[in-house]
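Please look over the sequence and the model below before reading on.

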2 protein chains.
Amino acid sequence: MTGLRERKKAASRAAMSQAAWRMLLEHGLDAVTPESVAAAADMAPRTFRYHFRNREEAILDGLAQQHMALAARIRERPAGEPVWDSLRHVLPAAVTEMFGDRAEFAKLVAVIADSPAMLAANLLVLEQGRQLMAGAIGERIGRTPQTDVYPGLLAGVAGTAISIAVTHWARGDDDTPLGDLIRDCLDRLRAGLPLETSP
Amino acid sequence: MTGLRERKKAASRAAMSQAAWRMLLEHGLDAVTPESVAAAADMAPRTFRYHFRNREEAILDGLAQQHMALAARIRERPAGEPVWDSLRHVLPAAVTEMFGDRAEFAKLVAVIADSPAMLAANLLVLEQGRQLMAGAIGERIGRTPQTDVYPGLLAGVAGTAISIAVTHWARGDDDTPLGDLIRDCLDRLRAGLPLETSP
DNA sequence: GCGGATGTTGCCGGAGATGCAATCTTGCAA
DNA sequence: TTGCAAGATTGCATCTCCGGCAACATCCGC
């Protein structure tokens with residue numbers, strides 16, 4: 001499971017992904033090329049292409065990893081706990097630590113805004129996250145997403161809460177902590193999204 | 001607005017999009033190339049690239065159009081109607097007419113399943129649809145998605161309902177009409193997605 | 001230790017995307 | 001009607017990106 005081989009492979013991947021991320025923040029999307037990233041990580045360009053389909057995938061790989069970790073944290077919650085409570089318990093903290101620095105994430109949002117490829121890659125990450133989340137939810141409540149709509153719906157709702165909360169948080173004209181924003185969104189969704197303002 | 005010029009441009013676009021769609025259903029994704037589609041629509045390959053970024057975009061262009069129409073239909077609902085009711089009124093019918101033939105759509109699902117590019121393109125379409133839906137919802141309730149999370153949350157929920165319902169419907173091991181599935185999903189979401197089974 | 005499996009790398013070819021400019025069609029006004 | 005500007009269609013040339021193939025190095029299991 002944790003053989004030297006797999007660890008080295010993961011290390012290579014992580015090194016390039018982090019290099020790509022830093023390069024995006026400091027020099028913009030155009031500066032992120034297989035060549036530059038590979039050089040920064042001290043590897044061959046071809047190795048970059050072995051691990052990642054394109055630069056967008058490399059840049060977002062870190063986020064993708066953490067999305068996968070989200071599902072795991074859902075599974076780890078005590079067995080009897082209602083799923084909604086599990087989400088409310090896990091998501092605010094997990095997502096907050098996921099997007100540590102607001103300025104960095106604002107930059108990412110800006111890049112996504114004017115790059116269709118980045119947007120598409122980001123949507124892929126989110127979709128994959130939803131799939132895993134649906135699986136985890138289904139496992140907890142004993143229903144498979146294949147035959148029951150519930151896990152998919154709840155995972156979709158959770159994903160929506162995260163996306164909306166993070167987007168508003170990244171905009172920066174509101175200093176509410178990200179965790180509180182997510183809790184607020186989740187609570188509204190759990191209440192069935194009534195129109196009434198509830199400040 | 002409806003000058004001859006624009007109609008001709010839209011016609012070219014529609015012709016190629018439909019050709020791409022038919023070609024996908026009959027010969028698979030690999031058969032859909034700018035050259036083949038352009039030939040089928042009696043146009044030059046370069047014209048294909050003038051209208052579409054890639055084959056996936058061409059294939060899904062019809063769906064994208066209808067997603068845009070969705071937002072318009074939300075806006076057309078009577079002014080006093082609660083937004084949730086508007087969704088419940090518009091979505092089942094609109095989506096049902098959107099995916100007329102189950103076999104065709106099942107094919108699309110299959111293609112999406114093993115083509116990351118198709119998946120990404122599809123997610124782009126859905127995301128764009130959500131944006132428009134959020135705008136329409138915000139307009140109806142007098143809140144802009146820019147400063148208020150409500151429109152985005154509700155649009156996200158609506159999108160989730162559609163995606164999940166359509167996916168299950170396309171699987172085909174349940175003969176419930178698509179409209180009923182969507183209504184069911186919407187009702188569950190409006191009720192805050194309680195875990196209890198309610199058959 | 002040895003053989004198989006797998007990560008790393010270089011080389012190279014095909015496919016896809018884009019800028020440019022020429023040409024034709026349409027919209028509009030003189 | 002006629003002429004001009006704007007925009008759609010097309011060809012050409014180029015460029016980048018992606019992936020297959022094969023060689024080599026390293027690691028795992030027996």
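Is A:Ala10 buried, partly exposed or exposed? In this predicted model, A:Ala10 counts as partly exposed because 13 other C-beta atoms lie within 10 Å, whereas a buried residue needs 20 or more and an exposed one has 12 or fewer.

**The setting of A:Ala10**

- A:Ala10 is part of helix 1 of chain A.
- A:His51 stands 41 residues away from A:Ala10 in sequence, yet the two C-alpha atoms are 9.7 Å apart in space.

**The fold of chain A**

- Chain A contains 9 helices and 0 strands, and its pattern along the sequence reads α-α-α-α-α-α-α-α-α.
- The radius of gyration of chain A is 18 Å, close to the 16 Å that the globule rule gives for 199 residues, so the chain is as compact as a globular protein of that length.
- The C-alpha trace of chain A spans about 50 × 45 × 25 Å along its principal axes.
- Buried residues make up 38% of the 199 residues of chain A.
- Of the contacts in chain A between residues at least 6 apart in sequence, 59% link residues at least 24 apart.

**Helix 8 of chain A**

- Helix 8 of chain A covers residues 149-171, which is 23 residues.
- From its first C-alpha to its last, helix 8 of chain A reaches 33 Å, close to the 33 Å expected at 1.5 Å a residue.
- Helix 8 of chain A is mostly covered, with 19 of its 23 residues buried.

**How the two chains are related and meet**

- The contact between the chains draws 26 residues from chain A and 26 residues from chain B.
- On the side of chain B that touches chain A, helix 7 (116-141), helix 8 (149-171) and helix 9 (178-190) of chain B each give two or more residues.
- Helix 8 of chain B provides the largest share of that side, 10 residues.
- By class, the side of chain B that touches chain A holds 17 nonpolar, 6 polar and 3 charged residues.
- The copies meet through the same surface, because 100% of the interface residues of chain B are also interface residues in chain A.

**The surface near DNA strand C**

- DNA strand C is surrounded by 17 residues, and the closest are A:Ala44, A:Thr47, B:Gly3, B:Leu4 and B:Asn54.
- Helix 1 (4-27) and helix 3 (45-51) of chain A and helix 1 (4-27) of chain B each supply at least two residues of this surface.
- Helix 1 of chain A contributes the largest share, 4 residues.
- The surface near DNA strand C comprises 4 nonpolar, 5 polar and 8 charged residues.

**The surface near DNA strand D**

- DNA strand D is surrounded by 17 residues, and the closest are A:Gly3, A:Leu4, A:Asn54, B:Ala44 and B:Thr47.
- Helix 1 and helix 3 of chain A, with helix 1 and helix 3 (45-51) of chain B, each supply at least two residues here.
- Helix 1 of chain B gives the most to the surface near DNA strand D, 4 residues.
- The classes in the surface near DNA strand D are 4 nonpolar, 5 polar and 8 charged residues.

Technical notes: Residues are numbered from 1 along each chain as its sequence is written. Chains are lettered from A and ligands numbered from 1 in the order in which they are written. This is a predicted model: local features need pLDDT of at least 70, side-chain atom pairs count only at pLDDT 80 or more; totals for chains, interfaces and linings use all residues. A residue is near a molecule or strand if its C-beta atom, placed from the backbone, lies within 6 Å of it. Ala, Val, Leu, Ile, Met, Phe, Trp, Tyr, Cys and Pro count as nonpolar, Asp, Glu, Lys and Arg as charged, and the others, Gly among them, as polar. Two residues are in contact if their C-beta atoms, placed from the backbone, lie within 7 Å. The expected span of a helix is 1.5 Å times one less than its number of residues. The radius of gyration is taken over C-alpha atoms; the globule rule is 2.2 Å times the number of residues to the power 0.38.
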